Every structure is written in structure tokens, then in C-alpha cells.
Amino acid sequence: MTLLDVRDLKTHFFTRDGVAKAVDGVTFSLERGEILGIVGESGSGKSVTGFSILGLVDPPGKVVSGQIIFDGTDLVAAGEKTIKGLRGKRIAMIFQDPMMTLNPVLRIDTQMVETVLAHEKVSRAEALARARETLTMVGISAPDERLRSYPHQFSGGMRQRVAIAIALLHKPDLIIADEPTTALDVTIQAQILAEVQRLCAQSNTALIWITHDLAVVSGLADRLAVMYAGRIVEEGRTADIIGQPLHPYTRGLIGSVPQGKPHGAMLTQINGMAPSLLNLPEGCRFRPRCPRADEACLVDPPLSEPIRGRGVRCVHPHLETRDEVLAS
């Protein structure tokens with residue numbers, strides 16, 4: 001059953017220098033219990049897509065059109081009261097910077113207990129017990145001591161684990177994670193990923209994992225959406241995209257990952273830089289950086305399906321296998 005259906009979402013930022021089309025016609029859906037990875041370079045629109053779903057885009061940004069249908073409710077048309085009722089309880093977000101979640105002047109127990117009580121009528125003792133259990137779940141030892149601490153008494157990685165724990169408190173229907181494991185060491189990162197997968201499987205929780213790290217998301221997500229310059233340029237099942245990337249940009253991202261290549265082998269480099277969202281190129285937005293570009297790319301390509309179950313926004317998609325990609 002479809003939990004989230006995003007249709008032609010456009011979120012623009014109206015600046016003095018012009019309109020920055022941070023999200024420009026993004027469409028995807030998410031089933032209950034499914035994990036979707038959104039990948040791309042910085043500035044591709046990944047985080048703004050997540051913020052748009054939760055209604056967290058501040059001026060000069062604005063969702064100018066499209067629909068965000070969550071369990072039958074269009075969040076674009078819904079009022080702030082409706083979104084507030086969903087935010088934190090049924091839809092939770094894990095930010096890249098944990099201090100966007102944590103209040104520096106309140107103890108951790110106060111923040112976690114108040115998060116529970118904001119949406120559920122339970123005793124403070126029950127809320128505290130849930131907070132303790134969730135801290136343990138994300139790998140924090142001595143949870144009773146940590147609950148009595150302030151955020152400044154934690155390391156950056158510890159603060160991120162607390163932020164993740166707060167997002168898990170209500171076992172929400174949907175979690176939007178914006179590069180939440182960037183500050184964590186490899187061991188804790190693996191623990192968090194395993195716990196998130198377990199939660200999704202047991203509680204039927206859907207997850208959107210926003211990242212630039214293909215190595216992480218390839219072992220986590222059921223499906224991938226590759227974003228570039230505000231648009232999804234390729235989508236499909238994770239194994240299919242990793243095994244046979246169709247878009248030249250996806251091919252470049254995979255080629256830049258050291259995993260699977262012999263020691264000392266040169267990594268593939270994507271030439272140039274991502275375009276300014278205030279001055280997008282004519283036609284395909286990846287055209288100035290694409291080795292396959294020609295005159296046909298001067299026309300804005302629609303999202304096509306050259307292979308069943310695969311969407312790609314390119315007039316010259318690659319049809320090579322992964323072995324051919326890595327060997328090139």
C-alpha cells in the first residue's frame with residue numbers, strides 16, 4: 001500500500017538574483033516498510049525535497065506546485081495544524097546536524113520525555129522508560145547517566161545518536177533521514193543502519209535515506225532515486241541501478257567509488273561542476289558535463305523507461321553491464 005506519493009513537486013527559492021529551482025518536478029512514491037535512497041551531489045535538491053515533505057521550507061523558499069500525498073492527505077494543501085500533528089509522530093526527520101534537533105540548555109531526558117508527551121497521553125515514567133530503551137537501541141551505554149546530561153557533554157557522534165533516538169521514539173510511519181550517519185564511526189554507523197532496517201521490517205516503517213554515499217545506501221535501500229540539479233535523473237531498484245547504471249551521471253557516481261576496484265586503480269571523475277540553480281543550462285542539465293552529449297541533448301529530456309521498472313531522464317542512456325562500466 002502506498003504511504004507517500006510525491007507528484008511533480010516544485011520548491012523554489014526567490015532571491016534577489018533570481019529564482020533558484022532547488023526542486024523542479026520531482027515525482028516518486030513510497031510503500032509502507034520500503035526504504036528509498038535519494039543520492040546526488042551537494043546542491044542537487046535532496047535535502048530540500050525532505051524539508052518540503054515536512055513543511056520545513058522557510059522563506060525565501062516556497063513549495064510552488066505539486067502534491068505530497070501522505071496516507072491520503074495532501075500536505076501541500078493541508079494547514080499547518082495538520083502538518084504539526086503529523087510531524088514528529090507519524091513523520092520524523094533525522095537532520096545532518098544534531099543541534100537542529102537538540103536544545104542546548106535542556107537535559108536529554110527533558111527533551112526526550114517532552115517529545116513523547118507532545119503526541120501521547122502516557123505517564124512521565126513510561127515516557128522516560130521509552131527514552132532509556134531507545135538510547136540503548138542506538139548504541140548509547142549507561143543510558144540513565146546520559147539522560148541526565150546536556151548536549152554539550154556529548155561528542156558530535158553521540159549527539160547524532162541521540163537525535164536518531166528522538167526520531168525513533170514514536171515508531172513513525174515515515175522517517176526522513178538527511179545524511180544522519182556522516183559524523184559516526186564505521187562501527188556505530190553499521191549498528192544504526194542495522195537497527196533502522198530492523199525497525200522498517202518489524203514496524204512497517206517507510207524510510208527516505210538522503211545521502212551522497214553510494215556505498216552506504218547500496219546496502220540499505222530497496223530503491224534508489226538519483227538527483228541532479230533539482231530533478232530525479234534515474235530511479236529503480238537498488239541492485240538494478242548499481243549493476244547497470246543507465247544515466248551518465250549515475251555511471252560517474254558509481255565510478256568514483258573505490259569499492260570493488262583494484263588497489264591503485266584510477267577513479268572515474270565527473271568533469272566540471274554542478275550548475276547554478278539560478279542559471280541552469282539549456283536542455284539536459286547534465287549536458288555541459290556529459291561525455292555523451294550532442295545536439296539532441298539541447299532539448300529537455302523527459303523521464304523515460306528504456307528498461308522495464310527503470311526511469312531515466314536521458315536521450316543517450318547507457319546499456320552496458322556493471323562489469324563493462326568498471327572496466328571502462
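**Exercises on a predicted model**

Buried residues (under 20% relative accessible area with a 1.4 Å probe, protein chains only) make up 48% of the 328 residues in the protein chain. This is a predicted model, in which local features need pLDDT of at least 70, side-chain atom pairs count only at pLDDT 80 or more, and totals for chains, interfaces and linings use all residues. Residues are numbered from 1 along each chain as its sequence is written, and side-chain values use heavy atoms, with hydrogens and water left out.

**Exercise 1.** Describe the surroundings of aspartate 109.

*Solution.* Aspartate 109 belongs to helix α3, residues 108-117; helices are DSSP runs of H or I with at least four residues, numbered from the N terminus.

Step 1: The relative accessible area of aspartate 109 is 12%, so the residue is buried.

Step 2: list the contacts (heavy atoms within 4.5 Å). Leaving out residues up to four places away in sequence, aspartate 109 touches Leu128, Leu147 and Arg148.

Step 3: look at the neighbouring side chain. Aspartate 109 and threonine 110 are joined through their side chains by a polar contact of 3.4 Å. Such a contact is a pair of N or O atoms within 3.5 Å; within protein, one must be able to donate a hydrogen and the other to accept it, and residues adjacent in sequence count only if both atoms are side-chain atoms.

Definitions and conventions. Helix = DSSP H or I, 4+ residues; strand = E, 2+ residues; numbered from the N terminus. Buried < 20%, exposed > 50% of the residue type's maximum accessible area, 1.4 Å probe, protein only.
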